[in-house]
Amino acid sequence: MSKIELRLKELGIILPAAAKPVATYVPAKRVGNLVYTSGNDCRVNGVLKYTGKLGSDVTVEQGYEAAKITMINLLAVLKEHLGDLDRVKQVVKILGFVNSADGFVEQPFVINGASDFLVEVFGEKGKHARSAISSNELPFNTSVEIEMIIEIEG
């Protein structure tokens with residue numbers, strides 16, 4: 001078992017099977033030593049855990065959890081793509097979209113659920129650049145969608 005998988009186990013996290021694409025795209029694409037993921041959401045066992053807009057239907061705390069679940073799903077995609085999460089040299093950037101009600105401006109606190117989790121799992125290698133963007137709608141009414149860029153060893 002890899003160091004990262006052992007760390008996930010310590011945290012009580014079991015990676016799910018990577019979600020299959022619902023349209024015409026690939027879950028991850030390698031370009032040189034960078035891997036770009038497609039956007040993922042907060043599905044647990046194939047069902048969205050949180051739907052609706054932050055600021056009206058979903059609390060910041062629930063949004064934070066949605067972002068963490070989304071990042072767990074992204075790690076599942078990376079494990080399937082790379083075979084071993086120990087190949088992650090560093091997390092370069094995440095781009096988080098938050099399904100936001102009018103006037104909701106706390107997107108950074110929502111996406112912290114993903115950022116905090118990455119640092120908890122990868123340590124210094126998990127620190128990354130980030131954007132937390134408001135969206136008036138997201139696919140399937142998910143509360144959060146996140147994509148990421150990582151650098152891999154070799």
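**Exercise 1. A charged pair**

Task: Is E124 buried, partly exposed or exposed, and which salt bridge does E124 form?

Solution: 
- Step 1. E124 has a relative accessibility of 62%, which counts as exposed. The cut-offs are under 20% for buried and over 50% for exposed, with partly exposed in between (1.4 Å probe, protein chains only).
- Step 2. This is a predicted model, where local features need pLDDT of at least 70, side-chain atom pairs count only at pLDDT 80 or more, and totals for chains, interfaces and linings use all residues. Residues are numbered from 1 along each chain as its sequence is written, and side-chain values use heavy atoms, with hydrogens and water left out.
- Step 3. The side chain of E124 meets that of K127 in a salt bridge, at 3.0 Å from N to O. The rule asks for a side-chain nitrogen of Lys or Arg within 4 Å of a carboxyl oxygen of Asp or Glu.
- Step 4. K127 is partly exposed, at 46%.

**Exercise 2. Pairs across the sequence**

Solution: 
- Step 1. The count is 7 salt bridges.
- Step 2. K79 pairs with E5, with the closest N and O atoms 3.5 Å apart. Helices are DSSP runs of H or I with at least four residues, strands are runs of E with at least two, and both are numbered from the N terminus.
- Step 3. Check the accessibility. K79 is partly exposed at 26%, and E5 is partly exposed at 21%.
- Step 4. Take another pair: E151 and K89 form a salt bridge at 3.8 Å. E151 sits in strand β7 (residues 144-152) and K89 in strand β5 (residues 88-99), 62 residues apart. E151 is buried at 17%, whereas K89 is partly exposed at 37%.

**Exercise 3. Helices and core**

Solution: 
- Step 1. Axes are lines fitted to C-alpha atoms, for helices over the stretch in contact, and angles between N-to-C directions run from 0 to 180 degrees.
- Step 2. The axes of α1 and helix α3 (residues 107-122) come within 9 Å and cross at roughly 120°. I4, R7 and L8 of α1 meet F117, E120, V121 and F122 of α3. Contact means heavy atoms within 4.5 Å.
- Step 3. Now the largest nonpolar core: it has 41 residues, and L8, M71 and I94 are among those touching the most other members. Such a core joins buried Ala, Val, Leu, Ile, Met, Phe, Trp, Tyr and Cys residues through side-chain atoms within 4.5 Å.
- Step 4. α2 gives the most to this core, with 11 residues.
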